[in-house]
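Let's take a friendly walk through this fold, from its sheet to its core. Have the structure open as you read.

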Amino acid sequence: MEPTEPTGPTARDWTDEHVARWQPVLPGLDPVVEGAVTRMKKLSVHLRRVREQSLVDFELERHEFDTLHKLAGRGGSAAPSELAQDLDLAPASVTGRLDALEKRGFVRRTQSTADRRRVVVQLTASGRETWLGAMDVLGHEEERLLGVLDVKERALLNDMLRRIMVVAEEPDVTGAPGAPWAERRAR
């Protein structure tokens with residue numbers, strides 16, 4: 001069995017070296033803030049790479065995954081206009097996406113039984129299986145990373161990040177808007 005690096009408070013990571021390198025250059029640098037922000041950025045990049053690799057593995061383009069994801073989030077059935085709103089796209093753009101996904105057998109469009117003028121987009125078994133496969137790859141990596149924390153630590157981390165996100169979603173001191181996803185939520 002190969003020796004592993006410690007994962008407790010004594011373990012050092014790339015960010016520790018980054019902070020040590022910059023502290024002499026920027027004497028006012030708060031090493032805790034710099035460490036936390038840098039680690040969040042690095043984790044975000046890492047998870048993005050895992051997600052992108054899962055898309056390659058499942059032969060999905062990013063926009064295809066996003067469309068399947070939004071459709072799955074609506075229980076596997078939605079009107080094209082609902083998907084356009086969820087994806088923050090023009091309806092014509094969604095039509096092109098749906099055409100391609102329908103060709104691949106991931107979605108099907110049918111007439112609404114309630115209103116024959118309306119179309120309903122449904123996730124097919126193949127579309128759901130592909131979407132879930134891509135999701136599982138990222139989910140397993142998230143579990144692996146957060147698995148170093150016990151249940152209480154995960155809850156605490158989640159609560160602390162929520163407190164930070166609430167501030168990020170508010171306009172800043174100059175009046176500049178908060179995080180763009182918060183604007184969509186507020187609509």
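## Sheet, helices and core

β1 and β3 run antiparallel and are joined by two bridges. Here strands (E, at least two residues) and helices (H or I, at least four) are DSSP runs, numbered from the N terminus. This is a predicted model, in which local features need pLDDT of at least 70 and side-chain atom pairs count only at pLDDT 80 or more, while totals for chains, interfaces and linings use all residues. Residues are numbered from 1 along each chain as its sequence is written, and side-chain values use heavy atoms, with hydrogens and water left out.

Within that pairing, Ser-77 stands opposite Gln-122 of β3. The open sheet has three strands in the order β1-β3-β2, with antiparallel pairing; two strands pair if DSSP finds at least two bridges between them. At the edges are β1 (77-78) and β2 (107-111), each pairing on one side only.

Angles run from 0 to 180 degrees between N-to-C directions, and axes are lines fitted to C-alpha atoms, for helices over the stretch in contact. Contact means heavy atoms within 4.5 Å.

| Helix | Lies across | Angle |
|---|---|---|
| α3 | β1, β2 and β3 | about 100° to β3 |
| α5 | β2 and β3 | about 115° to β2 |

How do these helices meet each other? α3 and α5 pack with axes 10 Å apart, at an angle of about 90°. That makes α3 roughly perpendicular to α5, a label for angles of 65 to 115 degrees. On the α3 side the contact uses His-63, Glu-64, Asp-66, Thr-67 and Leu-68, and on the α5 side Arg-97, Leu-98 and Leu-101.

Thr-67, in helix α3, is buried, with a relative accessible area of 1%; buried means under 20% (1.4 Å probe, protein chains only). Beyond its neighbours within four places in sequence, Thr-67 is in contact with Leu-83, Leu-87, Arg-97, Leu-98 and Leu-101.

Of its 19 residues, Leu-60, Leu-68, Leu-71, Leu-83 and Val-107 touch the most other members. At least two residues each come from α3 (62-73), α4 (80-87), α5 (91-103), β3 (119-123) and α6 (125-146), and α3 gives the largest share, four residues. Not counting residues up to four places away in sequence, Leu-83 touches Thr-67, Lys-70, Leu-71, Ala-78, Val-94, Leu-98 and Val-121.

Key
Core = buried A, V, L, I, M, F, W, Y, C linked by side-chain atoms within 4.5 Å. Buried < 20%, exposed > 50% of the residue type's maximum accessible area, 1.4 Å probe, protein only. Parallel < 35°, antiparallel > 145°, perpendicular 65-115°, else oblique.
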